[in-house]
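Biologist: I am new to this structure. Please take me through one part of it closely.

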Amino acid sequence: MELGAIRSQFPALLQQVDEQPVYFFDGPGGAQVSSRVLDAMTGYLKKGNANLGGRFFSGYATDNMMANARSAAATFLHAASPENIVFGANMTTLCFSLSRAISREWKPGDEVIVSELDHYSNVSSWEHAARDRGVVVKKVRVNPDDCSIDVEHFLSLLSTQTKLVAFTLASNVTGTLADAKAIIRAARSVGAATFIDAVHYAPHQR
Ligand SMILES: Cc1ncc(COP(=O)(O)O)c(C=O)c1O
């Protein structure tokens, strides 16, 4: 990779603070934005901000822009179709909404599994929903040696009571990647759904 060429696309990396170049190490605290993205955002706003579905030129432009963005995101994520892509305010808000929708079908005594490796967003949303439905939340331990999810512990928590397993695909703290196939296969074997937080996955693997 040509780091110079990549860094040059990010205005935030080109500034100097106290006459020193700047480096951003807090990835989870805010990803820096490339000129191409900034230009697309300001370019859209300069031409006329509109709601989706407006029957006039800026409404059509907004519909087109959204369709193109969903199509590009579907290609990037290998989604089956642009219809599978939803944009939202941020992961926490989306996860909170989804947990409210999914938990409507939970009953007292059902169980949800989260992990110690997860970002608080992917734990608290499920905990709040579970509390309101009388559902038990179990937490998978992390192996201290390599910061991976303790799969044996996970399997010991899994049962026919389990309705949902939520885990992180790439930890924002340690960079640990989860064995998603194994977790999903095990969850499916007891009829549980899986929810993956892939906020930090894109820079790690396709
Ligand atoms: C792994 C992970 N999940 C979820 C979140 C929450 O994302 P958002 O700020 O979009 O709500 C973060 C934020 O840092 C994160 O690192």
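Is Glu111 buried or exposed, and what is its relative accessible area?

Modeller: Keep in mind that this is a predicted model. Glu111 is buried, with a relative accessible area of 11%. The cut-off for buried is under 20%. Now look at its partner. The side chain of Glu111 meets that of Lys138 in a salt bridge, at 3.2 Å from N to O. This pair links distant parts of the chain. Glu111 belongs to strand β3, residues 111-115. Lys138 belongs to strand β4, residues 136-140. Lys138 has 26% relative accessibility, so it counts as partly exposed.

The structure holds 2 salt bridges. In the other, the side chains of Arg100 and Asp132 meet at 2.7 Å, N to O. Here the partners sit in helices. Arg100 lies in helix α5, residues 91-103, and Asp132 in helix α6, residues 121-133, so the pair ties together parts that are 32 residues apart in sequence. Arg100 has 29% relative accessibility and counts as partly exposed. Asp132 reaches 54%, so it counts as exposed.

Helix α3, residues 35-47, is hardly covered. Among its 13 residues, the count of buried ones is 1. From first C-alpha to last, α3 reaches 18 Å, close to the 18 Å expected at 1.5 Å a residue. Gly48 follows α3, with a positive phi near 120°.

Technical notes: Residues are numbered from 1 along each chain as its sequence is written. This is a predicted model: local features need pLDDT of at least 70, side-chain atom pairs count only at pLDDT 80 or more; totals for chains, interfaces and linings use all residues. Side-chain values use heavy atoms; hydrogens and water are left out. A salt bridge is a side-chain nitrogen of Lys or Arg within 4 Å of a carboxyl oxygen of Asp or Glu. Helices (H or I, at least four residues) and strands (E, at least two) are DSSP runs, numbered from the N terminus. Buried means under 20% relative accessible area, exposed over 50%, partly exposed in between (1.4 Å probe, protein chains only). The expected span of a helix is 1.5 Å times one less than its number of residues.
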